[in-house]
Amino acid sequence: MKILLLGATGQVGWELLRTLSVLGELIATSRAGGNGVLPLDVSDLNALRTTLDAVGPDVVVNACAYTAVDKAEAEPLVAQRLNTELPETIAAWAAEHRALVVHYSTDYVFDGCKPTPYVETDPTQPVSVYGQTKLAGDTALLASGCDPLILRVSWVYGLRGHNFLLTMRRLMTERDSLSIVDDQIGAPTWCRSIAQVTSTLLARLAQNNAARQELAGIYHFQPAGQTSWFGFATAIRDRLGLNCTLQAIPGSQYPTPARRPMNSCLDSTRLETAFGLTMPTWEHQLQLCLDGL
């Protein structure tokens, strides 16, 4: 099995480098390249098509996205290129060449007003440019005729890149107190667990065309339990043994250019049932991540 990984130096992509390498021949790309990773600017869709033709992958794993949620409000066309046109281009190639596509979506396709965790069939209603462009990418994949495996994830963190965990660790060492939003809920998701689940799913589907067609579609992936950003920050502080006072505030006291879903909880039952998985708790994942420091 030949796998093409796009975005190998991102949070999830970095973890995928390890988990996917045991499944077959892995060709990885990033914007800068280096260390065995091929250079590829995926915003250049012609260059992307050329790479797809040259590699001829059985599986394309797209770990690229425009994730600057607030900046997207001022750069909708840039967000559209990476979040909509990129997966649309991958989907068209994959449909023609009967390749499997793995793609990562987001809780931002929902408005966050539902009082319970979202399931895959809930109506989408994004309230930000980021969410709108990500939803359009999902729609393009589903309409293309290829076999897409779309994992919706949220609150992704890890020990690389820019994320809430690393920001909190830095700020808690610089300041005596912080104010953290407490009325937006979700479940923090470790990027390594996303990579591990991806490889598990691919091991099941990549060489089984019947299973690919039966199981293709959208799945929610989120660890068990839920918390707020304040709860997540508190868990980070306590596990790192830092001395910083945290104050819970409503989101209205921390305005941002893009609206955030108040409820980012995703129901993973469909994924668990289809693939025989059991979701660990977000607290357990956080401890495993911090054990790597």
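**Entry 1: helix α7 and the sheet**

I began with helix α7, residues 191–205, in this predicted model. Helix α7 lies across β4, β5 and β6, and I noted that it runs at about 150 degrees to β5.

I then looked up the sheet itself. It is an open sheet of seven strands with parallel pairing, and I read the order as β3-β2-β1-β4-β5-β6-β11. I asked which strands stand at the edges. They are β3 (38–39) and β11; each has a single partner strand, so one side of each is left without a neighbour in the sheet.

Helix α1, residues 11–20, also packs on the sheet. I recorded its contacts with β1 (2–6), β2 (25–30), β4 (59–62) and β5, and an angle of about 165 degrees between the direction of α1 and that of β1.

**Entry 2: strand β6**

I checked the two faces separately.

For the pairing of β6, I looked up its two neighbours in turn. Strand β5 (residues 100–106) runs parallel to β6 and is joined to it by seven bridges. Within this pairing, Val-102 has Leu-149 of β6 as its bridge partner, and Tyr-104 stands opposite Leu-151 of β6. Strand β11 (residues 217–220) is likewise parallel to β6, with four bridges between them; here Ile-150 is partnered by Ile-218 of β11.

**Entry 3: strand β1**

I looked up the burial of β1. Four of its five residues are buried, so the strand is largely enclosed by the rest of the structure.

β1 pairs with β2 in the parallel sense over five bridges, and Ile-3 stands opposite Leu-26 in β2. I traced the chain from β1 through α1 to β2 and recorded a right-handed β-α-β crossover. β1 also pairs with β4 in the parallel sense, over four bridges. In that pairing I found Val-59 of β4 as the bridge partner of Ile-3.

**Entry 4: Thr-51**

I located Thr-51 in helix α2, residues 45–55. Is Thr-51 buried or exposed? Its relative accessibility is 15%, and the cut-off for buried is under 20%, so Thr-51 counts as buried. Leaving aside residues up to four places away in sequence, I found that Thr-51 touches Leu-4 and Leu-40.

**Entry 5: helices α6 and α9**

Last, I examined helix α6 (residues 164–174) and helix α9 (residues 229–240). Their axes come within 10 Å and cross at roughly 60 degrees. α6 and α9 are therefore oblique to each other. I recorded the crossing as right-handed.

I asked which residues make the contact. From α6 they are Phe-164, Leu-165, Met-168, Arg-169 and Met-172. From α9 they are Trp-229, Phe-232, Ala-233, Ile-236, Arg-237 and Leu-240.

Conventions
Residues numbered from 1 in each chain as written. Predicted model: local features only at pLDDT ≥ 70, side-chain atom pairs only at ≥ 80, totals over all residues. Heavy atoms only, no water. Pairing = 2+ DSSP bridges. Axes fitted to C-alpha atoms, helices over the stretch in contact; angles between N-to-C directions. Parallel < 35°, antiparallel > 145°, perpendicular 65-115°, else oblique. Left-handed = near helix turned anticlockwise from the far one by under 90°. Contact = heavy atoms within 4.5 Å. Buried < 20%, exposed > 50% of the residue type's maximum accessible area, 1.4 Å probe, protein only. Right-handed = clockwise from strand over helix to strand, strands pointing away.
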